[in-house]
Amino acid sequence: MYNDTVLDHFSNPRNIGEIADADGIGTMGNPIDGDLITIYVKIKDNVLTEVKVKTFGCAAAIAASSMVTVMAIGKTVKEALQITNEAVAEALGGLPPKKIKCSNIAADALHNAISDHYARVDAKGGDHSDSCTGTDK
């Protein structure tokens, strides 16, 4: 049912845990099947320097959340926002059709973490005009 890449990320998930002083936290979940992904990000100079994840769910959800952390670390915010759930599934070498919609929600959680970061910046009166929609630093 699962290929070797999915099984590897499920059996040996990368970047597991929380970031105590995270710059942004994003959660995505599907209450119907119980998958829940929370992603923590550290952003410095518009680059995701650290990404950690906590996942409650099936093998596909765990593998997808592991893979999205690998894909996002070292990317600019703009590049990280371009990571899609489809790109995560492709990087995993594919997921079973039944798991594509319900378990592959990791990119959504990543995007929510970045949005949370910028909500925090806005709340402090900060400027991020060159981060999400403008040019990268």
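Biologist: Asp116 and Arg120 in helix α6: about how much of the helix separates them?

Modeller: About one helical turn, because they sit 4 residues apart in α6, residues 106-123. Bear in mind that this is a predicted model.

Biologist: What do the side chains of Asp116 and Arg120 form?

Modeller: A salt bridge, at 2.9 Å from N to O.

Biologist: Are Asp116 and Arg120 buried, exposed or in between?

Modeller: Asp116 has 22% relative accessibility and counts as partly exposed. The cut-off for buried is under 20%. Arg120 is partly exposed too, at 33%.

Biologist: How many salt bridges does the structure hold?

Modeller: It holds 5. One of them joins the side chains of Glu18 and Lys54, at 2.8 Å from N to O.

Biologist: Which parts of the chain does the Glu18 and Lys54 pair tie together?

Modeller: Glu18 lies in the loop between α1 (4-11) and β1 (24-29), and Lys54 lies in strand β3, so the pair ties together parts that are 36 residues apart in sequence. Glu18 is partly exposed, with a relative accessible area of 49%. Lys54 is also partly exposed, at 39%.

Biologist: Which residues are linked in a network of salt bridges?

Modeller: Asp21, Asp23 and Lys42. Within that group, the side chains of Asp23 and Lys42 meet at 3.8 Å, N to O. This pair links distant parts of the chain: Asp23 is in the loop between α1 and β1, Lys42 is in strand β2, and they are 19 residues apart.

Biologist: Is Lys42 buried or exposed?

Modeller: Lys42 counts as buried, at 19% relative accessibility. The threshold is under 20%.

Biologist: Switching to the strands. How do β2 and β3 run, and how many bridges join them?

Modeller: They run antiparallel, and 9 bridges join them. β2 covers residues 36-44 and β3 covers residues 47-56.

Biologist: What stands opposite Ile39?

Modeller: Val53, in β3.

Biologist: How many residues lie between β2 and β3?

Modeller: There are 2 residues between them, and the two strands form a hairpin. In the turn, Asp45 has a positive phi of about 50 degrees.

Biologist: Zooming out. How many helices and strands does the chain have?

Modeller: It has 6 helices and 3 strands. Along the sequence the pattern reads α-β-β-β-α-α-α-α-α.

Biologist: What share of the residues counts as buried?

Modeller: Of the 137 residues, 44%. The chain exposes about 6900 Å², with carbon and sulfur atoms supplying 54% of that.

Biologist: And what share of contacts joins residues at least 24 apart?

Modeller: 61%, taken among contacts between residues at least 6 apart in sequence.

Biologist: Now single residues. Where is Thr69 found?

Modeller: Thr69 is found in helix α2, residues 59-72. Thr69 is buried, with a relative accessible area of 0%.

Biologist: Which side chain makes a polar contact with that of Thr69?

Modeller: Asn15, at 2.8 Å. Leaving aside residues up to four places away in sequence, Thr69 touches Arg14, Asn15, Val51, Lys52 and Val53. Val53 is also the residue that Ile39 stands opposite.

Biologist: Last one, Lys75. Where is that found?

Modeller: Lys75 is found in the loop between α2 and α3 (77-81). Lys75 counts as partly exposed, at 32% relative accessibility.

Biologist: How far apart in space are Lys75 and Val47?

Modeller: 5.6 Å, C-alpha to C-alpha, though they are 28 residues apart in sequence. Lys75 touches Asn46, Val47, Leu48 and Ala80, not counting residues up to four places away.

Biologist: Which backbone oxygen does the Lys75 side chain reach?

Modeller: That of Met71, at 3.4 Å.

Notes. Residues are numbered from 1 along each chain as its sequence is written. This is a predicted model: local features need pLDDT of at least 70, side-chain atom pairs count only at pLDDT 80 or more; totals for chains, interfaces and linings use all residues. Side-chain values use heavy atoms; hydrogens and water are left out. Two strands pair if DSSP finds at least two bridges between them. A salt bridge is a side-chain nitrogen of Lys or Arg within 4 Å of a carboxyl oxygen of Asp or Glu. Buried means under 20% relative accessible area, exposed over 50%, partly exposed in between (1.4 Å probe, protein chains only). Contact means heavy atoms within 4.5 Å. Accessible areas come from the Shrake-Rupley method with a 1.4 Å probe; for residues, only the protein chains shown count as cover. A polar contact is a pair of N or O atoms within 3.5 Å; within protein, one must be able to donate a hydrogen and the other to accept it, and residues adjacent in sequence count only if both atoms are side-chain atoms.
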